[in-house]
Amino acid sequence: MKRLRSVAELEKLRARVARQRDPNRICIVTSVGTCGLARDADGVAQAISRTLSDLGLADTVDFRTTGCQGFCEIEPVVVIYPQRIVYQHVTPVDVPKIISESVVGGKVIKKLLYVDPSTGEKVTREQDIPFYSKQNRLVLDSNRLVDPHSIDDYLAIGGYSAVSKALFDMEPMEIIDEIRQAGLRGRGGGGFPTARKWEACRSAPSLDGVRYVICNADEGDPGAYMDRSLLEGNPHSVIEGMTIGAYAIGSHDGYVYVRHEYPLAVANLGIALEQAREYSLLGENILGSGFDFDIKISRGGGAFICGESTALMASLEGKIGEPRPKHVHTVTSGLNGKPSNLNNVETWANVPLIINNGADWYSGIGTEASKGTKIFSLVGKINNTGLVEVPMGITLREIIYDIGGGIPDGKRFKAVQTGGPSGGCIPESLIDLPVDFDRLTEAGSMMGSGGMIVMDEDTCMVDIARYFVKFLTEESCGKCVPCREGLDRMLDILVDITEGRGREEDIELLEELGVVIREASLCALGGTAPNPVLSTIRYFRDEYEAHIRDGRCPAGVCKALITFTIDEDKCTGCRVCARECPQAAISGEKKLLHTIDQDKCIKCGLCRDSCKFDAVTIS
Amino acid sequence: MIELTIDGINTRAPEGTTVLEAAREMGIVIPTLCYHEGLSPYGACRVCIVEVVKDGGSSLEASCILPVEEGQVILTNSEKVSKTRRVIMELLVSSCPNSKTLQDMAANMGINKVRFKIKDRGCILCGLCVRYCKEQMQSGGIGFVGRGTSRKVATAFDITPEECRNCGGCEWICPVCERACTAGSLVDGLCGGCQNLAPVETCPVCVGCSESVGPHGHRVY
């Protein structure tokens, strides 16, 4: 590759890359992000390239592998451009048929089409799927257009034009003002105004002039993976955002702190950095501007606490990843005691968009105080699992029903947990709540990094609180007492309640302890950790009371409080449950009523899942 | 000099001092555990929390690491502070019930019941020993291992390192091993041996051992 020494050379290269691409040419796209790979997308990709070369189509049909496109539910997915015909759940066996019938023959294979769960109709084109058509994919949309291993793909969609605009047409303070007017707030959870952070870092004194920009890719929330998908699918957008930020702040050294558990993200980012360096889009004298900036990857060991800014920087220094008090902010004294600016992956990926399209365009999206779009990972009891990017201010109802396709199996929606393990559960009564930083906090939850776990009527809220507190107890660094011991005792109380040993005073004790942990902890992990408990008590107090007073789990989840019995009117004596039972606890002759031996029963629920007649009931 | 208000009293403190130092200078008592004059502040035990009043609201901060600021308004013993401090103390006692230092502090705060499960960990992870070893003895032979409730003070790979000079400083500074409570039986998580007038088997004769008894003698909480 040739080093680019000016904007003119970049534009010349871009024009050449664009010429090589014919938008009307047939292109097969398959996504090989982590979610796709888990369902053998790799096998599909290999089958496609093999079939194309076997049929001698390699020169006439383009083939591109991309990162995650967002709709994880339908992976592995094959999309045929230019019409954007989408096939879901593709296996390597389907590939020859797709190529011979659909790519060559121009026919649509009905069997592989997506079926809209709300209407039951088959959808042919990707853009017509409600999951996509109701989103506003400013950041994520590029994932389908670029092969993360190809910087040329990124250049073809206008990549690195924001860097050249920033370096040659804008002063650093102009960039910060643009970001301020756009109203960009940190996407990692805190929602701190990005421009204020940048300006504080820029103006903080540094004796030797060293300042750092850091990308926080230590995404540890259970069920959240938008940062991973961005790094895997479009690493150049993050690199571009960081370069612009570094120029605005006056930094020459960047770090990406990414989890070691994200091997594909690390690999794709490494390739992207190498390619950017080869084109001189990173390193010394970027595009001949005289500005130097490079990025190093630092892999974290997977501690949740290392997503906290001071713990992350301690870990980057090679110390134990534990937070320190923030009376002196990291923008003044962070990594190695130098002014350091930390932003989340998604925040960085938003920066090139703002520079390219202007602050007015960006601030036109979203609400008064929360601008732009936010990516959520919509998981749990939801039909359309995946990454959704929506404008701020959209209601939970729109996300869950219009985009998410509602709750599977006709179950009733109960609550949604936003903001990861330390977020709160928002009940059905607040489903029309507009989603932005401030409204979620008012409801006792938070935006967090954007996890969104949907729960249906079969979810026990006490059990959910127990699950998240257990996660946080294990992930607390253990430095300060309220977080380490407080969460541990909170977990004890919750375990007692779910196992039928709850006491009347436990709810008040949980509330009292929750407030102490929130108020007295050293860092934001402890400061938000009681949210799942406090919010479930606030909205689902009756469930706690049912556990404690009546020894009853209303959702039928807490094993110590439920018994499985067989309804004599419904049981047909088919023996299916008896065969499934791992404990051989079910007895009964064929065609006669079966019974469960409660002493042997371990309440695994296999009998209930296997019964076709709904004869196994929980009480 | 920085001007600030502590418990309604205007005071001045040199820049760079902490709220704890400024309050102690005024004679205000703030309990501490992980703080030591000769060591760098750590902010882990949280018993020294104070209420910082600001912009119509307030927050709790550990005073040992809170630098004084111009115009700061601090409450060291407000209701919010004492309520929170008592819960923290309960947590500490429940995780280390045999420490006389902790039992005495709990008694001082008028705690008459520990409502949490007793889990004797034998250590409150205040980090005094770790900092003493590193900062005063220039050794660094011990440190923290693990995270969350598995966190412990240990030597690397559980082997006594060359850096350890067997000075015994870590034991000396430890608020837990220094004076172990020998009462043996705990009532509601509290030893009561030194605090309660009620006869306790381990104390045939009351020697008034606690600092907290005061001029009014013992009292059953």
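Colleague: Hi! Which residue with a positive phi follows H19(A)?
Modeller: Gly500(A) follows H19(A), and its phi is positive, near 85 degrees. Bear in mind that this is a predicted model.

Colleague: Good to know. How far apart are the end C-alpha atoms of helix H19?
Modeller: They are 25 Å apart. Helix H19 covers residues 481–498 of chain A, and at 1.5 Å a residue its 18 residues should span 26 Å, so the two values agree.

Colleague: And how many of the 18 residues of H19(A) are buried?
Modeller: 15 of them, so H19(A) is largely enclosed by the rest of the structure.

Colleague: Now the two chains. How many residues are in contact between chain A and chain B?
Modeller: On chain A there are 27, and they are in contact with 25 residues of chain B. H18 (461–475), H19 and H20 (506–520) of chain A each supply at least two residues of the side that touches chain B.

Colleague: Which element gives the largest share of that side of chain A?
Modeller: H19(A) does, with eight residues. By class, the side of chain A that touches chain B has 12 nonpolar, five polar and 10 charged residues.

Colleague: Switching to Glu73(A): buried or exposed?
Modeller: Buried, because Glu73(A) has 21 C-beta neighbours inside 10 Å, and 20 or more count as buried. Glu73(A) is found in the loop between strand S2 (62–66) and strand S3 (78–81) of chain A.

Colleague: What does Glu73(A) touch, leaving out residues up to four places away in sequence?
Modeller: Glu73(A) touches Asn384(A), Thr385(A) and Gly386(A).

Colleague: You mentioned S2 and S3. In what order do the four strands of the open sheet in chain A run?
Modeller: The order is S2-S1-S3-S4, with mixed pairing. S2 and S4 (85–87) of chain A stand at the edges with a single partner strand each, so one side of each is left without a neighbour in the sheet. From one strand to the next, the twist averages 20 degrees.

Colleague: In which sense do S1 and S2(A) pair, parallel or antiparallel?
Modeller: Parallel, over five bridges, with S1 being residues 27–31 of chain A. Val29(A) stands opposite Arg64(A) in S2(A).

Colleague: Which strands does helix H3 of chain A lie across?
Modeller: H3 (residues 41–54) lies across S1, S2 and S3 of chain A, and runs at about 160 degrees to S1(A).

Colleague: Last one: what does the domain assignment give for chain B?
Modeller: Domain 1 (2–77) and domain 2 (128–173). Their C-alpha centres lie 28 Å apart, and six residues of domain 1 of chain B are in contact with six residues of domain 2 of chain B.

Terms used
Residues numbered from 1 in each chain as written. Chains lettered and ligands numbered in written order. Predicted model: local features only at pLDDT ≥ 70, side-chain atom pairs only at ≥ 80, totals over all residues. Domains from an automatic or database assignment. Contact = placed C-beta atoms within 7 Å. Expected span 1.5 Å × (residues − 1). Buried ≥ 20, exposed ≤ 12 C-beta atoms within 10 Å, placed from the backbone. Nonpolar A, V, L, I, M, F, W, Y, C, P; charged D, E, K, R; others polar. Pairing = 2+ DSSP bridges. Axes fitted to C-alpha atoms, helices over the stretch in contact; angles between N-to-C directions.
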